[in-house]
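Work through the exercises below with the sequence and the 3D view at hand. Try each task before reading its solution.

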Amino acid sequence: MRIGYSCWGFLGPGIIDTPDGGRSHRRALIDGLIRSGHDIVFLQANRDLAEARHDLTGSYTWDSGLPTIDALFLEWRWPLPGRNTTACGTAGHTCDLHRQDQILARYARSQHLPTVIWDKDLRLPASHPLRALPNVAICEPGLLPGPDATTLLFPVDDTVLDNADPAALAATQRHLPLLYVGNQYDRDGAFGTYFAPAAAQFRHRVAGKWTDVTRWPHVNFTGRCAFSEVRSLCQSAMATVLLLPDRYAQAGQMTQRLFEAVLAGCLPITPASTACAGKFTPPDLHAAGGQHVIDILRQAQAAAGTGWHIATLAACLERLDIFRLSRQIATLNHILESLTDAPCPPAKPQ
């Protein structure tokens, strides 16, 4: 199928001043769809070229018009007052929402094409009319999706998972006890409960956009880092804490921070209140509160490089299997087949 893909983000490293977490998995998904036999055309602006001066036009196709496609796939965009709700051409305006409205009107509503909406931030209102259209399928990246949604997780390339070595990861020297990479958005409660108490006890770093931090004067906030720095940061740290907005935690939705950490050997301490916590990390890494985070981190430091460390990382890697790219491609192909009479080609082995 020729799939029109709408996303407001990057395929490459992008720029520093952006909240685009999709860079960790978007290109893997696109390449998996192409290997599966689909043709992809990007329908939003080529931000890689326009903003990052990264020319990927030799490998991928962008179209600012309304090209002929067989199906539509959207990473859902929502109104952001003062940014994408303003008039085109005004200062600070981004046209992602206007463009999304345009392509939905043409393909989903007028042409009734098979349309998949990936609500990655759980922002699509429960009462939105798109949910009632028979040609539209809703996907959410949580293990407990809404009643009309299907789980589509953030993908990790099969080869990366298959080549991960817990013993080698455990043997890596790590100078930083505690790390968090990510932005503040809707995480204040989790941060204050789980991360801030441990930050008072251990050397640490918080890399990301955090603007309201006066309540945590002891925390080392270092601002946003380049996407290309994330892996080396995780490799330098013994552990992180998986901080989630409440709506994610209740839906069993884990962000890319889990596999970024695990694949670099950084232990992902997980709030025990997270729905489906056991599906993401082993019980030894589940924390009931700030003191529990401190206790786990002390244990991890004492056991660095030991059998416990290796076994714990192995248990984390095993749990990443649910994010395997081939699983997500199979899910998407099944959804597309359910929306059209034309069967999708089987995924090719990697």
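**Exercise 1.** Decide whether arginine 215 is buried, partly exposed or exposed.

*Solution.* Start with the cut-offs: buried means under 20% relative accessible area, exposed over 50%, partly exposed in between (1.4 Å probe, protein chains only). Arginine 215 has a relative accessible area of 44%, so arginine 215 is partly exposed. The model is predicted: local features need pLDDT of at least 70, side-chain atom pairs count only at pLDDT 80 or more, and totals for chains, interfaces and linings use all residues. Residues are numbered from 1 along each chain as its sequence is written, and side-chain values use heavy atoms, without hydrogens and water.

**Exercise 2.** Find the salt-bridge partner of arginine 215.

*Solution.* Look for a side-chain nitrogen of Lys or Arg within 4 Å of a carboxyl oxygen of Asp or Glu. The partner is aspartate 188, with the closest N and O atoms 3.1 Å apart. Arginine 215 sits in the loop between β9 (204–207) and β10, and aspartate 188 in helix α6 (residues 188–199), so the pair ties together parts 27 residues apart in sequence. Helices (H or I, at least four residues) and strands (E, at least two) are DSSP runs, numbered from the N terminus. Aspartate 188 is partly exposed too, at 22%.
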